[in-house]
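Hi there,

Here is the structure I promised to pass on.

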Amino acid sequence: MRYALLVQGGPYSRQAAHSALRFGEAAIARGHRLETVFFYHDGVYNAARLAAPPQDEPHLVDRFRALHDTHGTQLKVCIAAGLRRGLLDEREAARHGKQGHSLEAPFELTGLGQLIDAGLSHDRLITFSP
């Protein structure tokens, strides 16, 4: 089965992001495909380049990136929610005259059309909200 996940919770404030990550890893372990994770609302903080959690806590940014590196999972971030919360890729940082960027690669800024596409093109779209 082809899954897409919608993550609306921040990485360490609620359980949503951690539950989404564990669900995705478990689905892959059972032979399913996790093709897309879409981050929306405070879920965009899961793509923060400068995230540095304590060493005894899971590094969610690294674990989501590992899904991309190992299984080709697309990591999409709502551009409007990201910009409101200070997450910019290099292109948006230049466009807004900012000195640096704060979005971790391979996460990519994209629009809500990509979320709609994920809902239409995958077998299941599962939402993880706070």
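Let me start with the aromatic residues: Y3, F23 and F128 form one aromatic cluster. Rings of Phe, Tyr and Trp (its six-membered ring) count as a pair if their centres lie within 6.5 Å, with planes under 30 degrees apart called stacked, over 60 edge-to-face and the rest tilted. That rule gives five aromatic pairs. One of them joins F39 and F64, edge-to-face at 5.1 Å centre to centre and 90° between the planes. F39 sits in strand β2 and F64 in helix α2, so this pair links parts 25 residues apart in sequence. Both residues are buried, meaning under 20% relative accessible area, where exposed is over 50% and partly exposed lies in between (1.4 Å probe, protein chains only).

F39 also pairs with F107: the centres are 5.5 Å apart and the planes at 55°, so this pair is tilted. F107 is in the loop between α4 (90-95) and β4 (108-110), so the pair ties together parts 68 residues apart in sequence. The relative accessible area is 0% for F39 and 5% for F107.

Helices (H or I, at least four residues) and strands (E, at least two) are DSSP runs, numbered from the N terminus. Just after α1, G31 takes a positive phi of about 95°.

A note on reading all this: the model is predicted, local features need pLDDT of at least 70, side-chain atom pairs count only at pLDDT 80 or more, and totals for chains, interfaces and linings use all residues. Residues are numbered from 1 along each chain as its sequence is written, and side-chain values use heavy atoms, leaving out hydrogens and water.

Best wishes
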